[in-house]
2 protein chains.
Amino acid sequence: MDKQHLFKNIQKKQSFLCVGLDTDIKKIPQHLLKEKDPIFAFNKAIIDATADYCVAFKPNMAFYESMGITGLTAFEKTIAYLRENYQDQFIIADAKRGDIGNTSAMYAQTFFSYYKVDAVTVVPYMGEDGVKPFLLYPEAWVILLALTSNKGSGDFQLTEDKQGEKLFEKVIKKSQEWASDEQMMYVVGATQSKMFLDIRKYAPNHFLLVPGIGTQGGSLAEVALYGMNNQCGLLVNSSRAIIYADHSDQFAHFAREAAHALQREMAGYLQDKGIISCKG
Amino acid sequence: MDKQHLFKNIQKKQSFLCVGLDTDIKKIPQHLLKEKDPIFAFNKAIIDATADYCVAFKPNMAFYESMGITGLTAFEKTIAYLRENYQDQFIIADAKRGDIGNTSAMYAQTFFSYYKVDAVTVVPYMGEDGVKPFLLYPEAWVILLALTSNKGSGDFQLTEDKQGEKLFEKVIKKSQEWASDEQMMYVVGATQSKMFLDIRKYAPNHFLLVPGIGTQGGSLAEVALYGMNNQCGLLVNSSRAIIYADHSDQFAHFAREAAHALQREMAGYLQDKGIISCKG
């Protein structure tokens with residue numbers, strides 16, 4: 001999916017919501033455990049309930065991998081279900097991969113040729129040849145970690161070099177030599193809202209994938225205020241606050257309500273910015 | 001496996017070789033494609049052929065993941081085969097994982113509770129809470145990326161802060177607040193041999209996992225000269241130069257020869273250092 005297509009979906013849905021599928025067998029409603037594939041059954045219900053209000057889904061690979069073959073099978077079924085029923089959804093494998101060139105090439109094959117997702121999150125630590133193999137798939141996106149939402153993000157990402165440039169700024173600048181904003185996005189945590197103004201100096205046109213609202217405490221209002229550009233330029237993720245909004249057999253209804261509430265709020269920010277003309 | 005046990009295995013085998021299982025369906029001998037599970041058949045043959053001369057095996061997750069469920073099944077069988085037949089081998093999942101706390105916890109579960117490997121390679125970019133969940137398994141090891149073997153390692157890892165401290169040095173220093181040398185190792189590429197002296201200043205007692213000899217051009221002699229400590233402190237990996245030494249039906253024989261040649265060279269360095277008393 002190209003950038004214009006994604007922007008049109010945002011205008012149409014009046015939403016820049018990404019629903020994170022961090023599906024944990026220990027947290028899904030108990031009645032689903034009777035299903036043959038409880039993880040897929042949960043994902044299917046969440047997708048059907050929330051797809052009206054979001055433009056992207058982001059399965060978090062760790063949760064599927066932790067169950068081995070069973071988990072990966074559920075992941076594969078989830079992608080197939082999305083592809084068959086929700087062609088306009090942007091699918092992000094949140095995998096945080098990155099290695100030396102020939103190994104990154106295998107990871108790129110995994111996500112873009114085998115699973116056929118739209119985007120994968122990539123770690124910049126290994127530099128250019130760790131990222132470039134992912135860029136050989138012209139339809140696909142690299143979402144590079146820049147400034148993450150967690151407490152430990154300060155340990156290395158904020159380290160300043162002799163010129164006062166922080167590591168995450170260096171990542172954003174350097175990586176623009178490898179790909180344009182048509183093929184690369186950055187992860188910037190919602191908990192870093194004051195940094196969005198700085199980031200927009202270096203990456204005015206890029207889409208930013210923003211985790212960290214909800215459970216992690218980031219503010220959607222601040223992210224929209226400091227991070228939104230004229231083509232929105234934001235995909236804001238919510239995982240736990242949507243998918244675990246409720247644990248009864250009404251969980252899908254409550255997930256839909258949680259997604260709808262975020263979509264309504266997002267519609268307001270899109271209207272404020274003049275990106276849509278009336279609230280949905 | 002604890003540090004003393006690993007050291008004893010190194011003395012017994014007169015080797016600090018790690019065989020990298022970067023098994024690629026496109027590169028294995030053609031006659032294996034008739035097997036029901038060609039990837040596992042190849043791994044089994046390589047393991048049987050080289051186990052006498054190495055102390056560790058390192059499956060590279062990207063290669064298994066690129067084949068989806070089929071690849072992961074072969075990985076699972078490989079681990080089970082090693083556990084059943086070669087209890088003294090140290091098993092490293094080269095996965096280069098790392099995420100926010102609750103997601104890293106799921107990756108730790110994947111590798112230490114589900115697959116039950118001895119060690120996993122971890123990326124430091126996300127800081128303390130991205131690493132710590134892996135340290136909750138007292139028998140298991142984190143092998144943290146410090147200075148990698150690839151060309152792009154210079155893009156960010158060598159960035160100096162205002163005090164002249166390079167990023168990889170900061171990673172090595174900071175991470176020692178999180179775990180001791182009984183539970184943490186560092187990845188240092190063999191192509192960085194002149195840096196080993198520096199690294200030994202900060203981490204005199206840690207084991208270092210060293211990729212990059214062979215195909216990537218690093219020198220085993222320099223790694224041993226600059227990197228070895230009194231308990232060896234090195235696991236030197238070779239993947240392609242061993243497992244793809246030959247592509248005929250004699251591939252296992254040639255892999256064994258390649259591993260044996262490295263073991264002989266390693267025995268010499270261990271003797272020079274006084275770690276073993278006679279060459280094997």
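Start in chain B: select helix α2 (residues 38-50) and helix α4 (residues 68-85), whose axes come within 9 Å and cross at roughly 25°. Since angles under 35 degrees count as roughly parallel, that makes α2(B) roughly parallel to α4(B). Look along the pair and you will find that the crossing of α2(B) and α4(B) is right-handed. Keep in mind as you go that this is a predicted model.

Now show side chains where these two helices meet. From α2(B), pick B:I39, B:F40, B:N43, B:K44 and B:I47; from α4(B), pick B:G71, B:A74, B:K77, B:T78, B:Y81 and B:L82. By class, the residues of this contact are six nonpolar, three polar and two charged.

**Next stop: B:L21**

Select B:L21, which is found in strand β1 (residues 17-21) of chain B. Is B:L21 buried or exposed? B:L21 is buried, because 27 other C-beta atoms lie within 10 Å, and 20 or more are enough to count as buried. Leaving aside neighbours within four places in sequence, B:L21 is in contact with B:N43 and B:I46, with B:F57, B:K58, B:P59 and B:N60, and with B:T78 and B:I243. B:N43 and B:T78 also take part in the contact of α2(B) with α4(B).

**Into the core**

Select A:I143 and B:I143 together. Of the 200 residues in the largest nonpolar core, these touch the most other members. Which residues does B:I143 touch, not counting those up to four places away in sequence? They are B:I92, the run B:A119, B:V120, B:T121 and B:V122, the run B:M185, B:Y186 and B:V187, and B:L209.

**Where the chains meet**

Colour the two chains separately and look between them: 48 residues of chain A are in contact with 48 residues of chain B. On the chain A side, α3 (61-65), α4 (68-85), α5 (101-114), α6 (128-131), α7 (153-156) and α8 (167-175) each supply at least two residues. Highlight α5(A) in particular, as this helix gives the most to that side, with seven residues. By class, the side of chain A that touches chain B has 16 nonpolar, 19 polar and 13 charged residues.

For a view from chain B, select B:S153, which has its place in helix α7 (residues 153-156) of chain B. B:S153 counts as buried because it has 27 C-beta neighbours inside 10 Å. B:G227 is 74 residues from B:S153 in sequence, and their C-alpha atoms are 19 Å apart.

Move on to α8(A), which is mostly covered: seven of its nine residues are buried. To see them, select A:L167, A:F168, A:E169, A:K170, A:V171, A:I172 and A:S175.

Last, select α2 (residues 38-50) and α4 of chain A, whose axes come within 9 Å and cross at roughly 25°. The crossing of α2(A) and α4(A) is right-handed. In α2(A), show A:I39, A:F40, A:N43, A:K44 and A:I47, which meet A:G71, A:A74, A:K77, A:T78, A:Y81 and A:L82 in α4(A).

Definitions and conventions
Residues numbered from 1 in each chain as written. Chains lettered and ligands numbered in written order. Predicted model: local features only at pLDDT ≥ 70, side-chain atom pairs only at ≥ 80, totals over all residues. Core = buried A, V, L, I, M, F, W, Y, C linked by C-beta atoms within 7 Å. Buried ≥ 20, exposed ≤ 12 C-beta atoms within 10 Å, placed from the backbone. Contact = placed C-beta atoms within 7 Å. Helix = DSSP H or I, 4+ residues; strand = E, 2+ residues; numbered from the N terminus. Nonpolar A, V, L, I, M, F, W, Y, C, P; charged D, E, K, R; others polar. Axes fitted to C-alpha atoms, helices over the stretch in contact; angles between N-to-C directions. Left-handed = near helix turned anticlockwise from the far one by under 90°. Parallel < 35°, antiparallel > 145°, perpendicular 65-115°, else oblique.
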